Amino acid sequence: MFLFRKKKIYCGIEIDGNILRFSQVENRKSSFLLKDYQEVILPQPYTKDSNIESVKSFSSLLEQQFGGLKNVDFVLGLHGTQVILKNVRLPMLPAEEVPLVVRSEADRYLPIPPEEAYLDSCFLRDISIGNDSFVDALLVAIPRRIVDPYIDSFNRANLNLSKIDISILALARALGEQLLSGIQMIMKIFFEGVNILILDEGFPVYQRFILIPYDNLVKNESGSLDLLLSEIERTINFYLSDKVNKEISKLSFVGRSENDKSLFNNIKEKIGISFGEAKIIPNKLLKGKFDENALIYSGISVGLGMRNER
């Protein structure tokens with residue numbers, strides 16, 4: 001099943017600090033059209049660390065801002081401090097049995113009891129190591145204490161929260177065919193820090209969230225940029241430690257605004273790892289064609305589909 005259907009509109013919601021990003025995307029056969037984008041500044045009592053503080057206040061804001069959108073499905077995008085993402089390697093078994101096995105063994109991989117989280121899992125790929133065969137799977141867990149206030153808020157506002165996605169994974173799928181070969185890294189800047197995702201041949205294999213506040217980073221307070229650079233190198237070295245003669249082939253960067261291009265250039269110039277093509281990707285990017293006005297937008301990584309969108 002695909003998230004986007006002909007003539008169906010989906011709306012993406014993402015909270016980043018005190019900013020609510022809203023994107024409205026329509027599928028037009030072979031391409032996605034960005035129909036609308038908004039950024040709403042949230043009053044302080046509504047959220048804390050990108051999580052909802054007051055269900056009543058947040059539901060009122062949703063109804064006020066989006067109450068007219070009664071026949072669309074909303075997709076909620078969450079980031080790396082809110083979501084637990086684990087790669088799981090299992091002995092060879094049929095792909096259709098992978099989700100059941102992963103979920104039944106979830107307590108082995110999670111830092112919280114499985115009953116306190118919403119779980120999802122999927123088959124990624126077959127792997128051969130020497131004479132042994134394995135399957136790789138993806139386990140995603142979101143604590144109920146984070147998700148339930150969103151569900152309650154949308155229900156109170158009479159809006160349909162259809163899917164919950166991981167923002168950086170949604171962005172990876174939005175890049176589509178650009179992320180199908182080699183080992184690649186996507187960085188996305190949030191108010192609380194930097195989300196890093198490494199993909200190997202297009203498969204998500206490692207995620208990390210580096211807690212360096214955005215304001216400190218852009219001002220380079222307390223050596224924040226140097227700290228980020230060292231953490232990026234540590235992340236890459238950790239993943240490549242057992243990958244002989246391999247390197248990161250592409251770095252994609254998503255800032256909070258066009259002003260973050262200089263931040264990316266500093267990272268690209270100072271990092272001690274050899275990169276291939278490095279590209280700034282504003283959050284506007286969609287797989288396929290999009291309206292020329294979308295060039296000024298950001299935040300569009302939200303709502304671009306669940307794991308089967310491609």
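Modeller: A charge sits over a ring if NZ of Lys or CZ of Arg is within 6 Å of the ring centre and within 35 degrees of the ring normal. This is a predicted model, and in it the charged end of Arg256 sits over the ring of Tyr214, at 4.7 Å from the ring centre. The ring of Tyr118 likewise has a charged end over it, that of Arg144, 4.0 Å from its centre.

Colleague: How many aromatic pairs does the structure hold?

Modeller: There are seven aromatic pairs. Planes over 60 degrees apart count as edge-to-face, and the pair of Phe58 and Tyr150 is edge-to-face because its planes stand at 90°, with the ring centres 6.0 Å apart. Phe58 belongs to helix α1 and Tyr150 to helix α3, so that this pair links parts of the chain 92 residues apart, and both residues are buried.

Colleague: Which geometry do Phe253 and Phe264 adopt, and where do they lie?

Modeller: Their pair is tilted, with 40° between the planes and 5.0 Å from centre to centre. Phe253 is in strand β14 and Phe264 in helix α7, so the pair ties together parts that are eleven residues apart in sequence. Buried means under 20% relative accessible area, and Phe253, at 1%, is therefore buried, while Phe264 also counts as buried at 1%.

Colleague: Which residues do ring pairs link into a cluster?

Modeller: That cluster consists of Phe22, Phe66, Phe74 and Phe154, linked by ring pairs.

Conventions. Residues numbered from 1 in each chain as written. Predicted model: local features only at pLDDT ≥ 70, side-chain atom pairs only at ≥ 80, totals over all residues. Heavy atoms only, no water. Phe/Tyr/Trp six-rings, centres within 6.5 Å; stacked < 30°, edge-to-face > 60°. Helix = DSSP H or I, 4+ residues; strand = E, 2+ residues; numbered from the N terminus. Buried < 20%, exposed > 50% of the residue type's maximum accessible area, 1.4 Å probe, protein only.
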